[in-house]
Every structure is written in structure tokens, then in C-alpha cells.
Amino acid sequence: MPPLLEVKNLKKYFNTKGGMLHAVDDISFTLDAGKTLGVVGESGCGKTTLGRTILHLLDVTSGQILFEGKDITYPKKKELMKLREDMQIIFQDPYSSLDPRQSVKETIMEPLLIQGKLSKAECEKKAKELMDTVGLAARFENAYPHELDGGRRQRIGIARALALGPKFIVCDEPVSALDVSIQAQIINLLLDLQESLGIAYMFVTHDLSVVKYISNDIMVMYLGQMVEKASSDELFANPIHPYTQALLSAIPIPDIHNKTKRIILKGELTSPINPKPGCRFRPRCIYATEECEQPQVLTEPLPNHFVACCKCSELLNNRRNTQ
Amino acid sequence: MPDNVLEIRDLVVEYHTDDAHIYAVNGVSLNVKKGETIGLVGETGAGKTTIAKSILRILQSPPAKICSGSIMFDGADLMKLSEKEMQHIRGNKIAMIFQDPMTALNPIETVGFQIEEAIRLHNKISRVEAVRRACEMLEMVGIPAERYKEYPHQFSGGMKQRVVIAMALACKPMLLLADEPTTALDVTIQAQVLEMMNDLKTKLNTSVILITHDLGVVANMCDSVAVVYAGEIVEYGTAEDIFDRTAHPYTVGLFNSLPRLNTTERRLKPIKGLMLDPTIKPPGCRFSDRCPEATEKCCKQPPPDVEVSPGHIVKCWLRGGSN
């Protein structure tokens, strides 16, 4: 059986005044039904663009996207309409992703009405069921977004994404705008829905503790490229790429006895416009040598653990020696 | 007592709007010692920023009204000073770093000028001398002085926040109010900025009130912690008290809501319900409607401040007498 989603060498470039912006550059991965792929990276690394390109909210520059084994890279309008039933998105900001002039019920019903398979009464019934599924009390059905707090608004966004019964949802920083106590409620809801409905998530976030918690596999992106991919536990136990190591060490841990030494990176993200060949992390990397100016290839130094770094066997050996 | 830089006593702040009275800060008392970093932790709307702005008296009034309380700083009650005297304190003896570096800087002045301006306002020195000191400040936060004449839009987010910090520290304040200084930044940049703030704090022996919702940042930065809920300090103690001997049910709930990197638990335990509506003044404990341990007494009588161990204070009926 083919995987639910397969992305091959996906590229998305934007033509800007300054040159070609390589937002997503040669990304490949597969995702099985009911699983979660976490995508992490700093702002500007292309993680949101990746999600949107897969959903065809943006056009593909090159590469291939397969959904249930079928090529959907360049869908026709009708096919796209059908695809929307299978693939949905939950947006980052529950404040700006809802129409302020639509009530909760109208917002959730809209995708159902667009698909035109159910009568209006059936849509309404379904909307009420969905509100129940995501834990929104029925009394809010005629409320407008401004009357609700962030957590409830995000529940509307989730209900809307669920309306068509998708098999795959891109969650684009769905909890970043929420407080921790509310964040935990929403994460639990997403986990429950995955368990009961078997939805696959692509979970895009910059919050590494959330991603570890929710993901089966994690992909680390840097300036449009995948630098490391492994199972969640493996990546956190055994980060190999220098960027992943720095990223993980920079997470503030809520424990005063955890005094692990932080790797403080020098400098900031360089521009993704007309990038030079070779490793894009090179200017900030402490291990960088001339060798890194060659294009990096993805290798598999440990089973199911992929790294794009020419130094990775060296780094692995160093670690073994120090342990 | 003489080693306290700031003493807040029974501060009450309300917002009076046409429709309602919002009880933002409800009797907060807090001491800040010399050279200490104290964390004000809480969720959106807990009143953290209102407390900080009250200290500088920069709340917009109306709608805000400081109803009662005193704030002793440097031998004077800030509440009783004239506007002119306050101007001498703002930016000079007490400085503030705002959350969003993108909006805290003036887009049509060079960054160097903005730092120089703060220095010249508070010191009778020549322009040349002020420029020299502004350059020094830029270098201190890790920005080459050659960038003095650049405008905010030419800087990245992390660099802008460094400029804001340089501006705040330009007059070597005794007290620094840092309102979510790293929330808008990526983790690797956050690590850079936090490390820099720690260095500067030690160098200048400044006291810091660090406002944040991120317990990870608190664990890395703070000597003592005040947990704020619905305009009250519900728990106060050293970082060890708060992290190792967590006592208040709200603080316990906050910790349980966090996805941990070091556990394998598959489900978070969020605090149920939502933050108390700030237009309501409940007769009992403000957390009682969400508290898993609440008793009838909690809902009826305001809880006392209980000193569970020396210096560790908890506002809760259920912790009285124990220990």
C-alpha cells in the first residue's frame, strides 16, 4: 500500500525583486495515515510555505506530490475541489483566520455548503455535531469570533478543518498564539481526534517541546532545506546536525536543575534569495570547513535517521569517543 | 529593607470603561532586591504588564486608574511624584523593554540617534560625548558601532531587540522592567538575547523584573518568582520554591500544562476552564472555579497569604497550617 502522502523533491521558489527566493528547496518525505510529522525551524525557514504548497494554496515550482499513490502535483480544478475534502489546514492565528462577520455555525458550515453534497439543514446538523466533537458548547453556535477567546476560536478553526472529513491536516502553528493552559487543551483535542478519526497531521511549529510531544517523526528545516529527519525520540536523544544540536540546546527548559550548556549560535538566518551552493548553515556553524561549500547530500548514518551534513560521520565518531 | 530597590504595597489598578469595571490588579505587594531578577509569570490578561506600567506610571488614563497602593523606589513613593519628577525617573533610573521590538523603535530615526536621545535627555553632556556613549552601548549589545546610522527596518528582529535593550540600559538604570523581551524571537535568537541580558545585568548590577509566560525562560533567568493570576500574586518564592516545592494549585496546573521534553507521558493535564472574567469580583478565591481542590470555603472567603516556608508565600486556603 502506498503511503498517504509522498512528497518528492518539492521546490517552491518566489520571484522577488532581489532575485529568486528559495523558500522550499528540494524537500522529500512520506507520511503514513494516522501519523504525525513535525516540521520545525525558525521563522523564515519555509515551513509554512511547505505546508501551503502541499495543499496547493501555492503553486508548485517543481517536484512531485503523491496522495494515496496518485500524482496530485498539478491538479485540475475539479480534482482540486475533491482534494479539499481530503486535505485541510488549521491556521496559526485564530484571530485573523476567521471571518469576523460569520457566526460560529456559518464558519463551520461553509466548506460543507461549498462542496454542495448536503442540504442546508443537513449541513447545520453536521455543524452542530462538529461543534460537539471539538468541545464547543452549542450555545455558541450564533456567536461571532470577537465574542470568543483564543482557545475557543482555535476550536472553530479545527471544526472547520474537520468538516469535510479529511485524511490529512496541515496544522500551521495551531497553538502558538495560545496560553499554556489553553495550549494543552488544544493539543489534547488534536491527539484525541487523531486517535478517533485516524487523521494524519503535518504539524508545523517553532516550539520544540510541543513537537516532541505530538509527533512520530520530526523534520528539521533550515533555509528551505531539510537538514535532519528522524523519529521524535531518536532526534531528541541523538541530534546529529550541528543546527539541530544548537536548536535543541536553546530550548528553555522549565527546570532549574537542568544546567546543560547551551550552544549559542553566532549570527542569524542568512537570506534565502539566490543562496550559494553548499551547506546553508555554514556561516553560523562551528564545524564548517571548505568541504561544506559543496552541495550537501542527505545520508542515513543511523537507521531511519537522515542528515544533510558532510561532517556527520565525523560528528558521530566524536560523540562516541566522548561518551 | 535597605537592600530593596522597589517595594510595591497593595497596588490596585482598575480599568473603567463605559460598559464595565475591569479589575486588572487586585492588591499586589512585591519587593525587588538589589541586583535580583524577579520573574512575573502568568497568562495573558493576568495583569503582569499593568503592574509594570503602573511602576512607570505610563498607563493610559482613562481608562486605567490606579485606585490605591504605594510604590516605594529610591526613597520616594512613585505614586506621589509630580509628572516632572517621574520624567526624571523614566528611562533613567527605571527603564522598560517592551515586548515587540518591531513597534518599540521609531522607524524614521536612526537607531544610534534613538539611543543617544535617551542619554542626552537624562545627562548634561555634549552631543559628541552622547554619541560616543551610544556607540559604546551598541557595541555592548553586540552590534558594531558602524551601524549607528542605520534605520530599524535594516535590522532583523533579534538585532532590533538588542537596540531596544541598549536604549533601556543607556542610562544605567537601577531597575529594568523587561516585558516579554524574547517572546517575539526565535529560540536560537532568544538564547543569544537572554545570555546577553544576563551578562549585562551582572556587569551593571541592575535589578530586573522579567515579565514572561515562559517558565523555561524563568528557570534560566530568575532568582525569585511571582506567579500572577487574575491580578493577584498567588505564589511567591525563590526559583527553588516555585520549581521544586510548587504549592499553589494554579502553579501546579501551569507546570502540568507544559509538554515536557524529558517525560514520555502521552497526555497533557491542562487546567480546566478559562481565566476568570476580569469584570467579576468573586467573594472567594479567584482561582476557585478552575481549581481541582476547591472547597466551599474557597468559593466564599478570599484566601489568606500563607508563608509555607520562610519567604515562600502562597495565597490559598488549602495550604494554611501545613508545613
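Are Tyr243(A) and Phe281(A) buried or exposed? I looked this up in a predicted model, where local features need pLDDT of at least 70, side-chain atom pairs count only at pLDDT 80 or more, and totals for chains, interfaces and linings use all residues. Residues are numbered from 1 along each chain as written, chains are lettered from A and ligands numbered from 1 in the order written, and side-chain values use heavy atoms, without hydrogens and water.

**Ring pairs, chain A**

I searched the whole structure and found 7 aromatic pairs over all chains. Rings of Phe, Tyr and Trp (its six-membered ring) pair if their centres lie within 6.5 Å; planes under 30 degrees apart are stacked, over 60 edge-to-face, the rest tilted. Tyr243(A) and Phe281(A) have ring centres 5.2 Å apart and planes at 65°, so I noted the pair as edge-to-face. Tyr243(A) is in helix H9 (residues 242-249) and Phe281(A) in the loop between H9 and strand S11 (299-302), so the pair ties together parts 38 residues apart in sequence. Helices (H or I, at least four residues) and strands (E, at least two) are DSSP runs numbered from the N terminus. Both Tyr243(A) and Phe281(A) are buried, meaning under 20% relative accessible area, with exposed over 50% and partly exposed in between (1.4 Å probe, protein chains only). I also noted that ring pairs link Tyr222(A), Tyr243(A) and Phe281(A) into a cluster.

**Charge over a ring**

I counted NZ of Lys or CZ of Arg within 6 Å of the ring centre and within 35 degrees of the ring normal. Lys12(A) lies over the face of Phe14(A), 5.0 Å from the ring centre. In chain B, the charged end of Lys297(B) sits over the ring of Trp317(B), 4.1 Å from its centre.
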